[in-house]
Structure formats: C-alpha cells, structure tokens
Amino acid sequence: MDTIYETIGTNEEKNRQVFAQAGEILRSGGLVAFPTETVYGLGGNALDEEAAAKIYAAKGRPSDNPLIVHIADIEALKVLCSKIPDSAFKLAERFWPGPLTMILKKSAVVPHTTTGGLDTVAIRMPDHPVALDLIRSSGVYVAAPSANLSGRPSPTRAEHVRQDMEGRIDMILDGGSVNIGIESTIIDLTETVPVILRPGYITREMLESVLGTVEIDKAVALGKQSDAPPKAPGMKYRHYAPKGDMVIVEGKNPDKVMECINRMARDKMQNGIRTGILATDETKACYHADCVISVGNRESEISISSHLFDVLRQFDDLGVEYIISESFSRKNVGYAIMNRLLKAAGGKIVNTDESEAER
Ligand code: TXA
Ligand code: MG
C-alpha cells in the first residue's frame, strides 16, 4: 500500500482538503496517523471492527491490548459508555482536552475488537488542533494507539511514524513534534477508588485535587514488587524499548553516579560493545562513550519527557548495543518519565548507594 504523507501547515485551504481526504479514509475503514499533544496516534474508526483489526495488524500488536477511543466532544461519552460516574465529568471539565484517558464501562455500540475483549473502554479528548480537526472532519470516534510498531518507542515526530508505518497504513498527517512526548495518564473510574493504570503528564496529585484519594495500580507503582498483572493490558509488555540493552544508574551523589556510568561504559566498550549514554544538558560533557546524547534539561521536566522516545530511537539508529541512562526524580512528571525509562530498561537499575554499601 502507498502511504499518503501530508504536512499540516499554514495554508488553510490546503489543510481543509487534507482533513477532508483523511476524514474520508477513516469513514471508509482506513487508517490515518496523526499528532496529539502526547505522542502520534494511529487512528481508525473505533466502531468499525475491521478498522480496529487493521490497527492491530499494522502495529503487530496483540489483540488483547485495547485501544484508546479519541473524541472531540464530551457528548460522545454518552454514546460510548453505559455508566458515567460524576468523577468522569469532573475530570473532563478540568483536564480535557488533554493528556488524560479515562476507563469507563463501555456501551453496546463499542465492539470488543476495540476494547481487546474487555467490557470497559478507554476514552480521551486530545489537546491538539490536528487531532481535533481530524476527528471532527471524519465524523467518527477515532480508536488510536501510539503509531509505533508494537514494542518500539512511541513516535513523537512524523518521521518516527514513517519509519514504522510506511506502506502499512493509508495516510500520515505531519503536525510537527509533539509537546509532551509520553503517553497520556490512564485512570480507571470503574473501581470504587479511582486507580492510575499508567502514569503520565497529569499526575496523581493533580487527579487527587479533583477526586480525593487516587490509587496507583500495584503492578505499575515504581520500586514495588508485585506479582499481580497490570490492569492496563499494554503495561505488561516490554514497551518503549530501544533495540539495545539498557540499564539505569541512580544514587544520591551525582558525582558517584557519573563515575559509575563512565566506568560501566568503559567496561562495555573494552569488550567491543557499542555503548551509548543517556545524559542531560548538565552532565553531557562529563561522559565518555561511543554516543552521548542529552535528553533535555534537568530544570525542565517537559524538555526531558518530550525528547525521551526520540533519544531512544536515536540510539537505535546509531547502532548502540548497550545504553546507560541517568535517572530522574520521581516527583511530578518525573514519575512517568521513570516509568517509561524502567520499561525501556526492562526494570534494570543500579543504585550507587547500595553498591557502595556492599563494598
Ligand atoms: O497518549 C496516548 O494515550 C496515546 C495517544 C495516541 O493518544 N495513545 C496511546 O495508546 O498511548 P496505546 O494504545 O499505545 O496505549 C493504550 C494503553 C494500553 O496500555 C492499553 O492496555 C490501555 O491503554 N487500555 C486501553 N483500554 C483499556 C481498558 N479498557 N482497560 C484497561 N486498559 C486499557
Ligand atoms: Mg503504545
């Protein structure tokens, strides 16, 4: 299949034509990738089982991993859900459009193909003009997982989508780089106490300011061991992963962390392993490895979240076999950043304070 590639720019007339064409593709069961404020999504008609099946096929995604339905209008909740708690309206008012996905009981119109067989449905109103214009011009609800091949880091630029999806989908809309760079926070509102199934830019504190107590799914809570499977099926897969092996180094003393990272890199390179270091603007100059890339500035969480997946892809492109990453404070958005880094590293983390104690 030839994939149509269009850039949304400043020419309003051209944009109108592109949205009309993209909307038509979605209405007729095709797939269109588009930017959101979090990551690029791979959209298809959420109420069309065949379109949903095509999404799983294009991504190479297991069909038990449900899709998020994107809406442009709050009224859509009443069509897609069978029971809507007050908390959903409160959260929508505060955070939509925005990087928050709510899990609610699905209505009969939502096919099980879209929900991976579950009786609940994930819904989000994205905060990006291209996403909203696309949903509106299509007139359908748009099921959209991140537009990467399953297992690869989520796409934060149209070029990433092209790398993974060229020839597999009908159209890619290029709306430039995304703003946030990590996927939406997912909150399950079907339990008595709301539960965060995936951390993101909307933090637990922000949710608690609207809802009171909010829990974090045990399988997702950082640093806690749990045998329970995560409630968001997608969180059980090794996700967001670069091709190379990865390890995170943390510790109280930044100099020790740096020393440890340089030592590990030297060992790997001596064994002929192409090694990369995921650094920050503050530390980049202090490292020695085959590739040292800064993910952003420690003063700005968003500079880090917005570049994280891009940097993981850069390591892939550079043929890096082993990545050593700095760690980040788990406060605020840092919690979600560490969640994604830990997933990319398959949970491997070295603590310089502990190795100190062992010596
Ligand atoms: O920011 C985002 O949410 C992006 C953009 C494109 O909107 N989308 C995204 O979709 O990250 P995806 O498919 O890559 O991740 C969706 C996650 C998966 O972990 C999936 O298991 C979970 O949402 N999920 C979807 N429906 C669910 C449900 N009914 N119950 C529990 N988890 C659900
Ligand atoms: Mg994804």
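Buried area is the accessible area, found with a 1.4 Å probe, that two parts lose on being put together, summed over both. The structure is a predicted model, in which local features need pLDDT of at least 70 and side-chain atom pairs count only at pLDDT 80 or more, while totals for chains, interfaces and linings use all residues. Residues are numbered from 1 along each chain as its sequence is written, chains are lettered from A and ligands numbered from 1 in the order in which they are written, and side-chain values use heavy atoms, with hydrogens and water left out.

The protein chain is divided into domain 1 (4-221) and domain 2 (245-351), with bounds that come from an automatic or database domain assignment. Between them, domain 1 and domain 2 bury about 1700 Å², of which 54% is on carbon and sulfur atoms. Pro153, Ile182 and Pro199 supply 31% of the area that domain 1 buries against domain 2, more than any other three residues. The C-alpha centres of the two domains lie 29 Å apart. Contact (heavy atoms within 4.5 Å) involves 25 residues from domain 1 and 17 residues from domain 2.

Salt bridges, in which a side-chain nitrogen of Lys or Arg is within 4 Å of a carboxyl oxygen of Asp or Glu, also occur at this interface. The rule finds 4 of them across the interface of domain 1 and domain 2, and a search of the whole structure finds 17. Asp316 forms a salt bridge with Arg152, with the closest N and O atoms 2.8 Å apart. On the side of domain 1 that touches domain 2, helix 6 (residues 158-165) gives the most, with 3 residues. Helices (H or I, at least four residues) and strands (E, at least two) are DSSP runs, numbered from the N terminus.

Glu183 pairs with Arg340, the closest N and O atoms being 2.8 Å apart. Glu183 lies in the loop between strand 9 and strand 10 (185-188) and Arg340 in helix 10 (residues 333-344), 157 residues apart. Burial is judged by relative accessible area: buried means under 20%, exposed over 50%, and partly exposed in between (1.4 Å probe, protein chains only). Glu183 counts as buried because its relative accessibility is 5%, and Arg340 is likewise buried, at 1%. A further salt bridge joins the side chains of Arg124 and Glu37 (2.9 Å, N to O). Arg124 lies in strand 7 (residues 120-124) and Glu37 in the loop between strand 2 and strand 3, so the pair ties together parts that are 87 residues apart in sequence. Both Arg124 and Glu37 are buried.

Within helix 7 (residues 204-211), Glu208 and Arg204 lie 4 residues apart, about one turn of the helix. Their side chains meet in a salt bridge (3.6 Å, N to O). Glu208 is partly exposed, at 28% relative accessibility, as is Arg204, at 33%.

Helix 5 (residues 129-138) contributes the buried residues Val130, Ala131, Leu132, Leu134, Ile135 and Ser138. These pack against helix 1 (12-27), strand 2 (32-34), strand 4 (68-70), strand 8 (142-143) and strand 9 (171-174). Just after helix 5, Gly139 takes a positive phi of about 70°.

Asn45 is found in strand 3 (residues 41-45) and is buried, with a relative accessible area of 12%. Leaving aside neighbours within four places in sequence, Asn45 is in contact with Leu26, Ala51, Ala52, Val140 and Tyr141.
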